[in-house]
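Look at the model below. This report takes up its pocket, its sheet and its salt bridges.

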Amino acid sequence: MTGTRALDDGLKLQCRAFDRLDNHSLYDLLALRSAVFCVEQNCAYQDADGKDQLAWHLLAHRRGELVGTARLLMPGVSYPDACSIGRVANRLDQRGQKVGQQLMAFAVAQCEQLFANYPIRIGAQQYLIGFYQQFGFVSQGESYLEDGIVHISMERPAIR
């Protein structure tokens, strides 16, 4: 199962299972994640965490170039009772052009299709709480430090 959505602003969104990614797409999404999370945020961490092979990957292309990505994990991979969205990243030169909003809206819709009846849980960087709230996510518990960055758990209830 894959989902695709083409938007009026030239953005094309795709959802692909790991084994449906070609080498170039996999390389591009790993390079984008590295550019955002390791280089931009100056954070040394193990991005290849063994979960990508179990994930559905969202790819946002504009004019044939990858400008955003995220991954969806089924219940039982990160959380026993919830699916999750993570590794949400968009290219620096695309910020302010609604790539992140469109990517998250697509991610939520894909989670609801793929993992019906499960809540969606995320580990959000604390400064992005307001961003995730616009998609129905609510903060859960206290903030915590992960890889030197303050995070908070957030959840969007299951649509039943």
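## The pocket

How do the residues lining the largest pocket divide into nonpolar, polar and charged? There are 18 nonpolar, 13 polar and ten charged residues. Here Ala, Val, Leu, Ile, Met, Phe, Trp, Tyr, Cys and Pro count as nonpolar, Asp, Glu, Lys and Arg as charged, and the others, Gly among them, as polar.

The model is predicted: local features need pLDDT of at least 70, side-chain atom pairs count only at pLDDT 80 or more, and totals for chains, interfaces and linings use all residues. Residues are numbered from 1 along each chain as its sequence is written, and side-chain values use heavy atoms, with hydrogens and water left out.

The largest pocket has a volume of about 970 Å³. That volume is the space filled by probe spheres set on grid points, joined across faces, edges and corners. On a 1 Å grid over the protein atoms alone, a pocket is an open set of points where a 1.4 Å probe fits, with protein on both sides within 12 Å along at least five of seven lines; lining residues have an atom within 4 Å of a point. Phe37, Arg87, Val88, Gly123 and Gln125 lie nearest the centre, out of 41 lining residues. Strand 5 gives the most, with seven residues. Helices (H or I, at least four residues) and strands (E, at least two) are DSSP runs, numbered from the N terminus.

Eight strands form an open, mixed sheet in the order 1-2-3-4-5-6-8-7. Two strands pair if DSSP finds at least two bridges between them. Strand 1 and strand 7 stand at the edges with a single partner strand each, so one side of each has no neighbour in the sheet.

Strand 2 and strand 3 run antiparallel, joined by seven bridges. In this pairing, Leu11 stands opposite Arg62.

## Salt bridges

The structure holds 13 salt bridges. Each is a side-chain nitrogen of Lys or Arg within 4 Å of a carboxyl oxygen of Asp or Glu. One of them joins Arg33 and Asp52 (2.8 Å, N to O). Arg33 is in helix 1, while Asp52 is in the loop between helix 1 and strand 3. The two are 19 residues apart.
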